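Biologist: I'd like to learn how to read a model like this one. Could you take me through it feature by feature?

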Amino acid sequence: EKIALYYGDLNMCEEQSLLTFFQSSPEWERFWFRHARETILLQIIGDIALYVNPYVAARIVERLHQAVVKLQMWEQDHQERGRLHLVSHSLGTIILFDALFASRWENEDMPGYNCIKELRDAICGAGAEPEEGIQVASIHTMGSPIPLFSLLDMYSRQQENQVGQYKNSHEIGPQLQLFLRRLAQSRGGKRLPWWNYAHPGDPLAYPLEELLYQLVDQKRDYLEVHDVVMMPGDFEDLMIESFKQSPAA
């Protein structure tokens with residue numbers, strides 16, 4: 001049973017307001033790539049910037065909370081514990097893992113705290129009672145920029161080695177590692193399948209396999225990660241062969 005979650009409409013008002021300011025500038029016509037600035041760049045960077053804001057993030061988290069309600073209803077209707085397959089796309093991969101594992105949500109004064117607590121408690125290994133909740137059976141990420149955000153984890157580890165412990169509020173590595181260990185125990189030691197899909201022409205899609213093992217599972221006890229590159233057709237690949245590494249592609 002699919003539970004689809006969409007958050008893209010939550011930021012439209014703020015982004016449209018910002019676009020109005022751009023377009024009202026007498027210098028706006030002199031800027032290059034205006035169409036890209038007004039559409040894809042505004043949407044991508046705008047969504048990321050707004051999600052950093054705790055109040056906007058709380059509104060998105062409320063949408064995630066709808067999944068908790070549906071999971072609880074499913075279990076009540078079926079009188080059994082189900083299995084959960086997590087599927088996320090693009091910035092949604094960041095939002096999902098931030099909601100499940102980032103330490104910034106541990107502050108009770110944080111907007112959305114209660115929604116996050118219920119979300120984590122509903123998933124086996126993620127909440128206050130690790131053995132309770134629905135069990136994650138697989139993870140699927142598509143067009144994911146998670147590797148770019150992993151720089152936060154890498155920098156935190158460097159600082160820990162040099163100047164002692166410092167808690168990064170957006171770091172997901174430690175809690176993800178704990179979740180994977182708990183989940184493996186509940187799954188009888190079976191590793192969790194993680195499939196990462198990417199189109200070679202998607203500038204936000206990156207490989208995850210080696211990075212995830214390095215960050216959270218160096219002994220490869222908990223994860224079974226696969227990068228899947230969705231190759232274009234032979235004709236399409238031949239057409240762009242000579243310039244696929246240039247901006248023209």
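Biologist: Is Cys-115 buried or exposed?

Modeller: Buried means under 20% relative accessible area, exposed over 50%, and partly exposed in between, with a 1.4 Å probe and protein chains only. Cys-115 has a relative accessible area of 17%, so it is buried. Cys-124 is buried too, at 1%. Keep in mind that this is a predicted model, where local features need pLDDT of at least 70, side-chain atom pairs count only at pLDDT 80 or more, and totals for chains, interfaces and linings use all residues. Residues are numbered from 1 along each chain as its sequence is written, and side-chain values use heavy atoms, leaving out hydrogens and water.

Biologist: How many disulfides turn up in the whole structure?

Modeller: A disulfide is a pair of cysteine sulfur atoms within 2.5 Å. The search finds zero.

Biologist: And how do I read aromatic pairs?

Modeller: You describe a pair of aromatic rings by the distance of the centres and the angle of the planes. Rings of Phe, Tyr and Trp (its six-membered ring) pair if their centres lie within 6.5 Å; planes under 30 degrees apart are stacked, over 60 edge-to-face, and the rest tilted. The whole structure has six such pairs. Take Phe-22 and Trp-28: their centres are 5.4 Å apart and their planes at 15 degrees, so they are stacked. Phe-22 is partly exposed at 29%, while Trp-28 is buried at 8%. Phe-97 and Trp-194 are stacked as well, because their centres are 5.2 Å apart and their planes at 5 degrees.

Biologist: Which parts does the pair of Phe-97 and Trp-194 tie together?

Modeller: Helices (H or I, at least four residues) and strands (E, at least two) are DSSP runs, numbered from the N terminus. Phe-97 lies in helix α5 and Trp-194 in strand β3 (residues 192–198), so the pair links parts 97 residues apart in sequence. Both residues are buried, and together with Phe-101 and Phe-179 they form one aromatic cluster.

Biologist: What about salt bridges?

Modeller: Look for a side-chain nitrogen of Lys or Arg within 4 Å of a carboxyl oxygen of Asp or Glu. By that rule there are seven. In one of them, Arg-63 meets Asp-9 at 3.1 Å, N to O. Arg-63 sits in helix α4 and Asp-9 in the segment before α1, so this bridge joins parts 54 residues apart in sequence. Asp-121 and Lys-117 also form a salt bridge, at 3.0 Å. Those two both lie in helix α6 (residues 113–121), four residues apart, about one turn of the helix.
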